[in-house]
Each structure stands twice: as C-alpha cells, then as structure tokens.
Amino acid sequence: MKEIFVLAEHRKQQLRDTTWEALAAGRKLAEDLGAELTCLLLGSNVDAMADALAKEAPRVLVVEDPRLEPFHPDACMQTLKAILADRGPFMLVMGNSNALLDLAPGLSVTLDAALATDCFKFEVRDGKPLAWRQMYSYKVNTLVSFKDAERIVATLRGGAFAFTPSGAAVATVEKVASPLGGTTFRRRFVGYVEAEKGDVDVASADIIVSVGRGIGDEPDMEMFESLAEAMGGVLACSRPIVDKNLLPKYHQVGTSGVEVKPKVYLALGISGAFQHVGGIKGSPLLVAVNKDPRAPIFRVAQYGIVADLNQVVPALTDKIKQLKG
Ligand SMILES: Cc1cc2nc3c(=O)[nH]c(=O)nc-3n(C[C@H](O)[C@H](O)[C@H](O)COP(=O)(O)OP(=O)(O)OC[C@H]3O[C@@H](n4cnc5c(N)ncnc54)[C@H](O)[C@@H]3O)c2cc1C
C-alpha cells in the first residue's frame, strides 16, 4: 500500500468530526504501512478548511467546483475517480456518515476497490492492512482481510478513532482542476432540513440519563428527570420511548435519532441495540442499568448494574443529592 487518502467531510463550510477521525486513522495506517498520507478536500470556497487541514496532514489536495458544494455523491464520485483511477495501490478512508455511505459503495465499484464499512480498528500484518468490524448487533467482532486487493475503500465507525491535534505538519495545499466539466447528474440537492432542536440539546450535553423500554408502560418520568437534574445532565431515550410518546423525538439517541458525545452516558432499561449504541459516539463513560445480565449493552458499557432500575434510580438520586449537600 503506497498511499493513504483521507476524504474530508464538511457541511456549511465546517469540517465535520468524521474528517479528524479519518485523519487519525489515516495517520496510523500511513505510519504502520510506510505509506504517504494525503487529505482530499472537495468543495467550493474551501480555503479556511484547507488551511486547517494543512496544519494536521502532510499533504492536502483540493478540488473546487460549485457542484461539489453542498456534498453531492455523484459529483464526489466522479471527482475521486478522476484523482484515483490511475494511482498505484492505495487505501481511502472516510467517515461512516449517511452522506459518505451514499458514496463509498459506488466508489469502490467504480475504482474496482475492496470495501469495508464501519471499521472500528485497523492493523497491519505482513505489510497488509486488516480491518476490524462488528456484526450481528455487536455480538461478533470480525477481522477483515482484503486478500490481494490493491485498492481499498474503508468507512470508519464514528468515535472509534481519537484525533489528537499535532499542529506540526504544515502542508502545501495543492489545487487540482475540477474534472467535472459539463457533467450533469441524475440526482439534485434540494436543501437541508434541520432536525427539530426542542428545549433540550441532547447532542451537546456532557451528562445524559437515557431511558429505554425497560422503564415500563406507565413510567414515573419525574423520577428520571430528578436523577438527570441531580447529575446536572439531560434526559434522553431510546426509540420505543418516542414511539410511545413519552418524550419528543429530539430526545432520541441513535442512528435515526441524535448522535451524542457525552462525558457520561447512563443507560436505564436499554438493551443496547446497535441502532441505539451507534448514536453514542465514543462516550468515555457508559454506565448501564439492566435487569438482564445478558443484555448487549453490558458489552459496551464500562460499568454495569444488574438490577431493577426502579430501585436503582431513587437510591442513586438520593445519594447524589446527599453528596452534593
Ligand atoms: C431503521 C431503524 C432505525 C432505528 N433507530 C433507532 C434509534 O435511533 N435509536 C434507538 O434507540 N433505536 C432505534 N431503532 C430501534 C432498535 O432496533 C431497538 O429496537 C431499540 O433501540 C430498543 O430500545 P430499548 O433498548 O429501549 O428496548 P428493548 O430492546 O426492549 O430493551 C429493554 C431493556 O430493558 C430491560 N429492562 C426491562 N425492565 C427493566 C427493569 N425494571 N430494570 C432494568 N432493566 C429492565 C430489559 O432487560 C431490556 O434489555 C431503530 C430500528 C430500526 C429498524
């Protein structure tokens, strides 16, 4: 593998976290494989983002074209094809966001590259990259070998690759002419629809108390609100709670809800389906309360309490209040 490419993802002129996480993964792969690292930035009016990337990546390659902003999977695919089609062995890493999942599979076919999605770790054996991913709702870890593939496209699980700014690299930003010419695309960007924000911003909360179906059909919601308040956090939930109209949709954590990155996530009566856990992006402290010791949430939690949440919650609230005086 001679080259590692990292695709920068951005929205409304802001680089997304997926970019830095992909850069973290790309840096390590480049180091382990002795390969060159290049960050690819496609868009329009991207100078500020290119400068930010140039502080962290040894090489930044920029293609500007109004059709690349906002993100358009077809325009992006055509551009990447033009840049990468004639390259030697390479690996391209990018986030596993909805937008990039609209790009990666088609791109891998276009480039005749192997594809691994939602990878949470890479390793190198005998000079070849291998990818770790999970299957069957986090029940099985799989190690993916790319056999003799000389081109690999990989998407990365959100939160799995921690980025540390180095600020050391000062790359030259190389601008490449857009290859799009007069190309027209079958799909058209219509507009962004911002998610309902509501009175609670779960996405930016540092402490989250999250409730799931285990709270029962007629729960005492005040009991959970008191705990969240005592902890200085906000109340979130799994999807069944929204389906039962117990909390509004903007409280829902998960792949079809809000992505959260709290310092502490307390999961009460949540089984740990991947659609839920996929929305908790690398929270350093996940604590789960569940009466079933085999609940999958315990596989990802740092601390687990096997108990009835109706006993744990009041006791925990009282203890916290007592400690806080
Ligand atoms: C396309 C798609 C998208 C989805 N998106 C999301 C999403 O964004 N977010 C999301 O959350 N889900 C999502 N889901 C649903 C997801 O698959 C699960 O069904 C859901 O997360 C389960 O919610 P839960 O853990 O609250 O309920 P359950 O899976 O029913 O788990 C309830 C848990 O509570 C425990 N329990 C019961 N009573 C008690 C008690 N008294 N004390 C302690 N523990 C108790 C049980 O042991 C059980 O583990 C999606 C599904 C699909 C198909």
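This is a predicted model: local features need pLDDT of at least 70, side-chain atom pairs count only at pLDDT 80 or more; totals for chains, interfaces and linings use all residues.
1. Main core. The largest nonpolar core holds 51 residues. Val 6, Cys 39, Leu 40, Leu 41, Met 91, Val 93 and Ala 154 touch the most other members. Helix 1, residues 17-33, gives the most to this core: seven residues.

2. Another core lies apart from the largest one. It has 34 residues, including Ile 208, Ala 228, Val 260 and Ala 288. As background, nonpolar side chains in soluble globular proteins tend to be buried together.

3. Met 91. What does Met 91 touch, leaving out residues up to four places away in sequence? The contacts are Met 1, Ile 4, Leu 29, Pro 129, Ile 152 and Ala 154. Ala 154, like Met 91, is listed among the core residues that touch the most other members.

4. Ligand shell. There are 27 residues around the ligand. Gly 212, Gly 214, Ser 238, Gly 254 and Ser 271 come nearest. By class, the shell divides into 15 polar, seven nonpolar and five charged residues.

5. Elements at the ligand. Which elements each supply at least two residues of the shell? They include helix 7 (239-243), helix 8 (274-277), strand 16 (285-290) and helix 10 (309-324).

Notes:
Residues are numbered from 1 along each chain as its sequence is written. A nonpolar core is a set of buried Ala, Val, Leu, Ile, Met, Phe, Trp, Tyr and Cys residues joined through C-beta atoms within 7 Å. A residue is buried if 20 or more other C-beta atoms lie within 10 Å of its own, exposed if 12 or fewer, and partly exposed in between; C-beta atoms are placed from the backbone. Helices (H or I, at least four residues) and strands (E, at least two) are DSSP runs, numbered from the N terminus. Two residues are in contact if their C-beta atoms, placed from the backbone, lie within 7 Å. A residue is near a molecule or strand if its C-beta atom, placed from the backbone, lies within 6 Å of it. Ala, Val, Leu, Ile, Met, Phe, Trp, Tyr, Cys and Pro count as nonpolar, Asp, Glu, Lys and Arg as charged, and the others, Gly among them, as polar.
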